[in-house]
Amino acid sequence: MIKVEFLGPIGEESLELKAHTLSDVATQLQEIETIAPWLSKCAVAVNDQMTTDLSMRLKSGDRVSILPPVCGG
Amino acid sequence: MELYQGALDIPSIFNRWLKEENSSNYGAYIPFIGTIREENGIEALSFDIYEPVLKEWFDSWVAKAEKLGAKVKMAHAIGDVPVHTSSYISAVFSPKRRVALELIDEFVEDFKANAPIWKYDVINGKRVYAEDRSTPMSGSGLLA
């Protein structure tokens, strides 16, 4: 199982999913009504490293963070 | 990188940074300070930060500055920051002005676009995500 956490204003509880790649995570998140609308504007980190590789392999215990649009300062 | 609960004590932070660098032989210091403006009926702005990714982002800028012989420093507030107080300070220290001027511009712009910090307006005690002023980070949309 991998853990998915939703940061900042998304306001959803963390999920545990079965997934071998980030693509598997995408498929499952796209089916969740409250999360799907965020996905087009969110970036992704795996174990706190930003990534843009949808084929990235995941292993049990990995943590995927979903980062919505930012505005520091 | 320094994070504080609530508004920043800007004079104290910047004075300390000046003291830290007063024998480093830098010729140009440029601070950028972000202060909360009173507008649209807000009482405060409020901030969430994801520190592990913010630290990665900041460390990459420390390395970039180092290659130019310069140094970057930054402090940011977490939680509520009332109007007319400050939520952010960053500064560049460099041997010469041109590097400092260019670096503070690039650093602050990339900070606005890619530092994992979320801003909320505080109105009547409630936090409202400042979605219209927020920017998707680089690589957004990967899972869409």
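Okay, let's start with one residue. Gly72(A) has 24 C-beta neighbours inside 10 Å, so Gly72(A) counts as buried. Before I go on, keep in mind that this is a predicted model.

Where does Gly72(A) sit? You'll find Gly72(A) in the segment that comes after strand S5 (63-67) of chain A. And what is Gly72(A) in contact with, once we leave aside its neighbours within four places in sequence? The list is His76(B), Tyr88(B), Phe111(B), Lys112(B), Ala115(B) and Ile117(B). That takes us over to chain B.

Now the whole interface. On the chain B side, 31 residues are in contact with 26 residues of chain A. Which parts of chain B give two or more residues to that side? They are helix H2 (51-67), strand S5 (86-94), helix H3 (97-114) and strand S6 (117-123) of chain B. If you sort the chain B residues on that side by kind, you get 16 nonpolar, nine polar and six charged.

Let's step back and look at chain B overall. Chain B has three helices and seven strands, and from the N terminus on the order goes β-α-β-β-α-β-β-α-β-β. Along the principal axes, its C-alpha atoms fill a box of roughly 50 × 40 × 25 Å. Of the 144 residues of chain B, 37% count as buried. And take the contacts in chain B with a separation of 6 or more: 76% of them come from residues 24 or more positions apart.

Next, please find strand S4 of chain B, residues 71-82. Nine of its twelve residues are buried, so S4(B) is largely enclosed by the rest of the structure. Which strands pair with it? Let me go through three of them, one at a time.

- Strand S1 of chain B, residues 2-5, pairs with S4(B) in the parallel sense over four bridges, and Gln5(B) stands opposite Ile78(B).
- Strand S3 of chain B, residues 44-49, pairs with S4(B) in the antiparallel sense, also over four bridges; here Ala44(B) has Pro82(B) as its bridge partner.
- S5(B) pairs with S4(B) in the antiparallel sense over six bridges, with Ile89(B) as the bridge partner of Ala75(B).

S4(B) and S5(B) also form a hairpin, with three residues between them. In that turn, look for His84(B), which has a positive phi of about 70°.

Which residues of H2(B) are buried? Those are Val53(B), Leu54(B), Phe58(B), Trp61(B) and Ala65(B). They cover an arc of only 135° around the axis, which puts them on the same side of H2(B). Turn to the face away from that buried side, and there you see the exposed residues Asp59(B), Ser60(B), Ala63(B), Glu66(B) and Lys67(B). After H2(B) comes Gly69(B), with a positive phi near 75°.

That's the tour, thanks.

Methods:
Residues numbered from 1 in each chain as written. Chains lettered and ligands numbered in written order. Predicted model: local features only at pLDDT ≥ 70, side-chain atom pairs only at ≥ 80, totals over all residues. Contact = placed C-beta atoms within 7 Å. Nonpolar A, V, L, I, M, F, W, Y, C, P; charged D, E, K, R; others polar. Buried ≥ 20, exposed ≤ 12 C-beta atoms within 10 Å, placed from the backbone. Arc of directions from axis to C-beta. Pairing = 2+ DSSP bridges.
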